[in-house]
Amino acid sequence: MNKFGHSLAIFTVAYSVNVLAEEQASADSFFLDDAPVVLSATRLKQSLADAPAAITVIDKAMIRASGAKEIVELFRLVPGMQVGYKRNQLPSTTYHGMSDEFARGMQVLVDGQSIYLASFGGLYWIDYPVLIEDIERIEVIRGPAASTYGPNAFLGVINIITSHTSQTQGAQADFRAGGGDYYRGVARYGGKLDDLGYHFSFSHNEKDSLENAVNDQSINLFTSRFDYQLSNKDTLQYNLGFSQGKRHMGVENDLNDPFRYERSMQVSQNLTWEHHFDTGEQLAMHLTHNHHEMDDDFVTDGVPVSNDQLADRIDFELQHTFSPFENTRMVWGLGSRLDRMRIPIWVGDDEKSNVLYRTFANIEWKFLDDFSLNLGALIEKNSYTDFDMSPKIALNYQWTNLQSFRVMASRASHMPTLGEQNLDFGEPVRTLLNVRVKTSRTLSPVEVFTYEGGYHGQFLNKQLVADVKIAYQRFEQLTQPVFGYLDANNNAILDYDTTDVANTLNYEVQLDYKPSTKALVHAGYSWININHKGGLHNYAKSAPHHSANFLASYIFPRQWEASLAYYYRSEMQYLRSDVIDQYQRLDFILRKSIDLTASQKVELSFIHQNNLGSKDEFLQGDRLTDRSFIEVSYQYD
């Protein structure tokens, strides 16, 4: 607590001194004057007041103020979200619990296109080739959005929006080093050739493991984006990313977590064509390819084991946005996706595949001046389940120009992943698991019925924005391991079934205060209670009853900046994991910018994380250390 007091005192004194100083606003403003417009809620551009969902927007200002260099760290700023590192490369990022290390209920998008793994859902965040420096903003939908994005969107949606090449011109180099043997170097360059804009980024990252765990890693990432203006009505965007990583894992002579080196490789591509009509209509086509491989060979109890993995996804989508009637906007589309996976130790030697077809539509109708109605639905069919529909209805009422209310009801589903549907683990290696786990039937989609009310208000001349949400959810057909039968060798089979139920009640508050172009205050709080009868998957404890976040930042005279971030969650337990105690964390960032010339500058930063001491992240005893970093950044425009 002494560290907390010292950091808070430094920040408070510095803030007070600057408030007394009369200084013109910095040209590098944190915020735009216009109210934020979001794209993710219905695929239609809407203000936060008109959006039929609770949304957290993490913009460049918040990213910079947080001091984070790993994308998952940013989600600690979202009310109701949990971030926990089981291993360095596999943090779990979920909303309202209900997850293990693979957050299957969260849809993860980059520029609107799904990137979650085809095998078990979730994401190897460290492997995915997108740099935090390339992000323009992140929109997080806090609640189901299956009517818009389909499977994996039954808890929430993370949409990472990258910067256009027109915003990333020039060169930049960045180096950070600090505790935990942490080293990170980044080089970026953006330019333009006639109607073609481009930028390239490369990073190399090394870091030590969590406390009490062996998980050192080294990873290289390459990202690129090209924006081509084909005509005054047509644009083409192409993203290409590549990553290659190596990790030291496990413990010598430990049968359950044997010593080995794990190597990974990922390639990601996205091609988007957009055509804008004179009438305001828009037609877009997207083609996405994600490929992830992992080599993981080891020996346990004298038996060689291969945990090699492959996950591959090709996705095509067509989307049309138009206005069919006055005061009405509509977006509809259709798509198809091919998923493939090969993980012999988990699902047998054969490659597993799944083909999915979907069609969706969302319509917004504004009537009686103050009301807007949003209707949406998505229908999908895949190789091993019947047709499934996810509908949603929401009504927004603009009480005054600065205050609005919303109510929403939806049904969302989560299709079983390839890994869940084909699971057969335990037979090859009894030292890893003394019971065989097998899916012996076609799993039904998990369902969630959500009823939500919300309030959005702006105060103090629009400098303070408040969002309040209260929701009730009922989950049906949840996945639960159950004792199935005895095989021919009289071994117990632990079967997977979708028969479990749970319900939740939750309320959340989010505040954003921007008193000037120099200041930023963001705060969030979430309370949730999950009722569940219990079982091997204890859903009742999978989310903390209380969680909170706070971020404050200020630009001082002479180009000094300081930020303070605080995160809290109460006791919880990820599925198939340990009960972990409450978590508190305090980060402090101090930054100084130095102009070398009119087009060149250098930034020096000091970042200290975990002022309040290390806490359990995912498993008992596995913790991120209390650590400090020094960062040097050079930028040439």
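## Strands S4 and S5

Two strands count as paired if DSSP finds at least two bridges between them. Strand S4 (residues 81-85) and strand S5 (residues 91-95) are joined by five bridges and run antiparallel. Tyr 85 has Pro 91 in S5 as its bridge partner. Keep in mind as you look around that this is a predicted model.

S5 is mostly covered, with five of its five residues buried. Pro 91, Thr 93 and Tyr 95 point one way from the strand, while Ser 92 and Thr 94 point the other way.

## A five-stranded open sheet

Next, have a look at the open sheet of five strands, whose order is S3-S8-S9-S6-S7 with mixed pairing. Its edge strands are S3 (55-59) and S7 (113-114), each of which pairs on one side only.

Inside this sheet, strand S6 (residues 106-110) and strand S9 (residues 156-162) pair in the parallel sense over five bridges. Val 110 stands opposite Ile 160 in S9.

## Strand S10 and its two partners

Strand S10 (residues 170-178) is joined to strand S11 (residues 182-193) by nine bridges, and the two run antiparallel. Ala 171 has Tyr 189 in S11 as its bridge partner. S10 and S11 form a hairpin with three residues between them, and Gly 180 in the turn has a positive phi of about 75°.

S10 also runs antiparallel to S36, with eight bridges joining them. Here Ala 177 stands opposite Ile 630 in S36. A salt bridge joins the side chains of Glu 631 and Arg 176 (2.7 Å, N to O). That pair links distant parts of the chain, with Glu 631 in strand S36 and Arg 176 in strand S10, 455 residues apart. Both Glu 631 and Arg 176 are buried.

Across the whole structure, a search finds 42 salt bridges. Another one joins Glu 317 to Arg 43, with the closest N and O atoms 2.7 Å apart. Glu 317 is in strand S18 (residues 309-322) and Arg 43 is in the loop between strand S1 (37-38) and strand S2 (46-47), 274 residues apart. Glu 317 counts as buried because its relative accessibility is 3%, and Arg 43 is buried too, with a relative accessible area of 12%.

Salt bridges also form a network that links Arg 142, Arg 406, Glu 452, Asp 467, Lys 469 and Glu 508.

Lys 233 forms a salt bridge with Asp 278, the closest N and O atoms being 3.2 Å apart. Lys 233 is in the loop between strand S13 (217-229) and S14, whereas Asp 278 is in the loop between strand S15 (260-276) and strand S16 (282-300). Lys 233 is partly exposed at 27% relative accessible area, and Asp 278 is exposed at 69%.

Asp 234 lies in strand S14 (residues 234-249). This residue is buried yet has no salt bridge. The side chain of Asp 234 does make a polar contact with that of Ser 231 (2.8 Å).

Strands S34 (583-595), S35 (600-609) and S36 (627-636) each give two or more residues to the patch. Leu 590, found in S34, counts as partly exposed at 30% relative accessibility.

Methods: Residues numbered from 1 in each chain as written. Predicted model: local features only at pLDDT ≥ 70, side-chain atom pairs only at ≥ 80, totals over all residues. Heavy atoms only, no water. Helix = DSSP H or I, 4+ residues; strand = E, 2+ residues; numbered from the N terminus. Buried < 20%, exposed > 50% of the residue type's maximum accessible area, 1.4 Å probe, protein only. Lys, Arg positive; Asp, Glu negative; His and termini not counted. Salt bridge = Lys/Arg side-chain N within 4 Å of Asp/Glu carboxyl O. Polar contact = N/O pair within 3.5 Å; in protein donor to acceptor, adjacent residues only side chain to side chain.
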